Amino acid sequence: MDFEQLSFKLREFYLLEVYQLSLFRDQIPSLPDEYTAFAFERMTELEQRHVDFFAEKMHELGISKPEIADSTFSFAGFVSAKALDLLSLKERYQLGIAVESKAAEMYYEFIKMAEGDQQLVRMLWHQRTDEEFHKFWFRANLEKIELEEKLQRV
Ligand SMILES: [Fe+2]
Ligand SMILES: [Fe+2]
């Protein structure tokens, strides 16, 4: 991977992480209970660490940070942060799964490109694992709601 490719990927992932951070942070005030709110708060903390990692890496290499345009908030075609309050809990979990799956997939691509840079590869794997943990949390809680709905129908 040459410097130009690395620079492109770091800027892209910085935006990916800013999107995830905003996505979870913006939902906290409209979450229904402590269980969900504190889980989102924790996810927000981890996304902030991901943002900081890419920001520091760009700073270290003298790469300018990308503009955080409105387009970030529809990253990969997902919902705008402004519409989040209107989502049901089930839809929030589905959105979380979709975003985290996409992020994990993107990390995998970046990891393959970063081959040879052990330090970067290690950080990318760690952060990819965080995204998977988030995905599993959303999935487990979505399944819980779906099971409750099923039980209500019988
Ligand atoms: Fe992240
Ligand atoms: Fe995540």
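Is the crossing of α2 and α3 left-handed or right-handed? In this predicted model, the crossing of α2 and α3 is left-handed.

Here's how that pair sits together. Helix α2 covers residues 34-61 and helix α3 covers residues 89-113; they pack at an angle of about 25°, and their axes are 14 Å apart. Angles under 35 degrees count as roughly parallel, so α2 and α3 are roughly parallel to each other. On the α2 side, the residues that meet α3 are Thr36, Phe40, Glu47, His50 and Phe54, and their partners in α3 are Leu89, Tyr93, Glu100, Tyr107 and Phe110. Sorted by class, that contact is made of 6 nonpolar, 2 polar and 2 charged residues.

Now for the cores.

| Nonpolar core | Size | Residues include |
|---|---|---|
| Largest | 23 residues | Leu10, Phe13, Tyr14, Phe54, Phe110, Leu120, Leu124 |
| Second, separate | 17 residues | Tyr19, Leu84, Tyr93, Trp137 |

The residues named for the largest core are those with the most contacts inside it. Helices α1 (3-25), α2, α3 and α4 each give two or more residues to this core, and α1 gives the most, with 8 residues. Take leucine 10: leaving out residues up to four places away in sequence, leucine 10 touches Phe54, Lys57, Met58, Leu61, Ile63 and Phe110.

Buried means under 20% relative accessible area, so asparagine 141, at 5% relative accessibility, counts as buried. With residues up to four places away in sequence left out, asparagine 141 touches Tyr35 and Tyr93.

Terms used:
Residues are numbered from 1 along each chain as its sequence is written. Chains are lettered from A and ligands numbered from 1 in the order in which they are written. This is a predicted model: local features need pLDDT of at least 70, side-chain atom pairs count only at pLDDT 80 or more; totals for chains, interfaces and linings use all residues. Side-chain values use heavy atoms; hydrogens and water are left out. Axes are lines fitted to C-alpha atoms, for helices over the stretch in contact, and angles run from 0 to 180 degrees between N-to-C directions. Helices (H or I, at least four residues) and strands (E, at least two) are DSSP runs, numbered from the N terminus. Angles under 35 degrees count as roughly parallel, over 145 as roughly antiparallel, 65 to 115 as roughly perpendicular and the rest as oblique. A crossing is left-handed if the near helix is turned anticlockwise from the far one by less than a right angle, and right-handed if clockwise. Contact means heavy atoms within 4.5 Å. Ala, Val, Leu, Ile, Met, Phe, Trp, Tyr, Cys and Pro count as nonpolar, Asp, Glu, Lys and Arg as charged, and the others, Gly among them, as polar. Buried means under 20% relative accessible area, exposed over 50%, partly exposed in between (1.4 Å probe, protein chains only). A nonpolar core is a set of buried Ala, Val, Leu, Ile, Met, Phe, Trp, Tyr and Cys residues joined through side-chain atoms within 4.5 Å.
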